[in-house]
Amino acid sequence: MENSQLIGLSRQMVLRRKMDVIANNLANINTAGYKADNLMFKEHLMPVARMNEFQSSDRKLSYVEDDRIAHKFAPGAVVDTGNPVNAALNDEKSFFVVQGPGGERYTRNGEFDINSQGQLVTSDGLPVVGQDGPILFTTEDTNISISRDGLITSDRGEVGRFQVVTFNDMQSLKKEGYSLFAGENPVPVDAPVVLGGRVERSNVQGVVEISRMIQVTRSYTSLAKALSQVSELRSNAIDTLGKLQA
Amino acid sequence: MRALYIASTGMLAQERNVEVTSNNIANMRTTGFKKFRAEFQDLLYQDLRRTGSSTSATGTTVPVGIQIGSGVRVAATSRIMSQGSVENTGKELDVAIRGQGFFQITMPDGRVGYTRDGSFEIDNNGRLVTVDGYEVQPGITFPNDTRDITINNEGEVQVTTGNSTAVQTLGQLTLARFVNKAGLDAMGDNLYLETGASGAPQVSTPGTAGYGTLLQKHLEMANVNSVAEISDLIAAQRAYEMNSRVIKAADEMLSATSNLR
């Protein structure tokens, strides 16, 4: 195939992936604590056979490839839920710690509930990690409230305290689905700001995603047109050059 | 094309969201109704370029990989058990609970149902029953010549009968509490059932520490806030529309591909 077609194809492939990322953002526009992703591209230079005898030498070919996912950690809107054990973090870079099956995981989704054992868990039933182990409520706990520094209290007294951590390199966090992030070397946050009875909504901006989506579809279709023109050009060339002049 | 499927999970989730919201709005005037909230989570991610994989023999690694998500799912519809507003009805057998606790109701199949709906009646046998005729526990039977019924804050049911002026105590209403009342199973008819997630009930008299008090001639309204529900509905509808746009855009891209030659 000709280089122009390969280059166009490389662009179309990353555009399709970018579309997948946009679709995932929009699907999660109402997911509490969801952080939007953006697919970043980079130029991939492909050397070709060089011929420097001509006036201008052959240049390297410039392909495109997807390079990395950038998580956008801007805070989402914080809304009141009326559930006293829900919690939101009022900054951009701290996380609640939960005990996943494969070790500690980190989340911004504060839609917590109490399970049958009285333990504070996520909506998947994963225990929320407190500073002194699991956070356990008893039947005597009424009027549960969460103070701004992450202390959970009830009429009985102190119940527990949220463990809140941050990371030096936020972009290296890996999404695992189910509102969980995996990361290494968490750094404890000394003075977290926890908002009880509230959750942080998704930080997906619909307008931004839709305009990105339009951009993706338009560049995809224009590339498709360019590719078919290249193909036409080639078939014309074959027709014309292949004609035998009798 | 994956975007098609991802967007369809988004549309499904928003449909559920609208269902939950419309059920809340439909029950805006249901006594003791507790609203639901749909909770979402993102689905699993696929690694196209794994973070930390090596990029050269000298030990350089990928700092940030490429992960493509696969959409959204409804993780839970959690029940918001906040107190609804208490409204005066003037009917002497209407009882509202201020604070924690549920009335216990004997259902026809013998199980115990729990309710916050305190609109009680007296049946032909003089027993205290719900509007569906299910007996309220512990059973209270009113004499035929009952004149005045008083239910005090602590749940004591007192009456005067016939021509007598003496107040007679008939019984004591109790309240049941759960570790996790949001884990109760709603069975309709304003009744909840105990589940493994809710824990076993603890029963005590109203006014005990941790239990609410009763208020006669009042009913607890639904805790549905119509303004919040309508704005949730608008948000869900817009999200649904955006996801359908994604499907359309993905379809356009596919048709561009198929029209290549």
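Predicted model: local features only at pLDDT ≥ 70, side-chain atom pairs only at ≥ 80, totals over all residues.

Reader: Why is V95(B) called buried?

Author: Buried means under 20% relative accessible area. V95(B) has 0% relative accessibility, so it counts as buried. This residue lies in strand 6 (residues 95-98) of chain B.

Reader: Which residues does V95(B) touch, leaving aside those up to four places away in sequence?

Author: V95(B) touches F103(B), G118(B), F120(B), I151(B), L214(B), L215(B), H218(B) and L219(B).

Reader: What makes L6(A) partly exposed?

Author: The class of partly exposed lies between under 20% for buried and over 50% for exposed. L6(A) has 32% relative accessibility, so it counts as partly exposed. L6(A) belongs to helix 1 of chain A. Together with L9(A) and M13(A), L6(A) makes a nonpolar surface patch of about 230 Å².

Reader: How do you know that the span of helix 1 of chain B agrees with its number of residues?

Author: Helix 1 of chain B covers residues 2-26, which is 25 residues, and at 1.5 Å a residue it should span 36 Å. The C-alpha atoms at its ends are 36 Å apart, so the two values agree.

Reader: Against what do the buried residues of helix 1 of chain B pack?

Author: These buried residues, among them A3(B), I6(B), M11(B) and V20(B), pack against helix 1 (3-27) of chain A. Within chain B, they pack against strand 1 (36-42), strand 3 (66-69), strand 4 (72-79) and helix 2 (226-258).

Reader: Why do strand 11 and strand 13 of chain A stand at the edges?

Author: In chain A, an open sheet of three strands has the order 11-12-13, with antiparallel pairing. Strand 11 (145-146) and strand 13 (157-161) each have a single partner strand, so one side of each is left without a neighbour in the sheet.

Reader: What makes strand 12 and strand 13 of chain A a pair?

Author: Two strands pair if there are at least two bridges between them. Strand 12 (residues 151-154) and strand 13 of chain A have four bridges, in the antiparallel sense. In one of these, S154(A) has G157(A) of strand 13 as its bridge partner.

Reader: How many bridges do strand 5 and strand 6 of chain A have?

Author: Strand 5 (residues 94-100) and strand 6 (residues 103-107) of chain A pair in the antiparallel sense over five bridges. Q99(A) has E104(A) in strand 6 as its bridge partner. A hairpin through two residues joins strand 5 to strand 6 of chain A.

Technical notes
Residues numbered from 1 in each chain as written. Chains lettered and ligands numbered in written order. Heavy atoms only, no water. Expected span 1.5 Å × (residues − 1). Buried < 20%, exposed > 50% of the residue type's maximum accessible area, 1.4 Å probe, protein only. Contact = heavy atoms within 4.5 Å. Patch = residues over 30% accessible without salt bridge, like charges linked within 9 Å, V, L, I, M, F, W, Y side chains within 5 Å. Areas by Shrake-Rupley, 256 points an atom, 1.4 Å probe, with all protein chains shown as cover. Salt bridge = Lys/Arg side-chain N within 4 Å of Asp/Glu carboxyl O.
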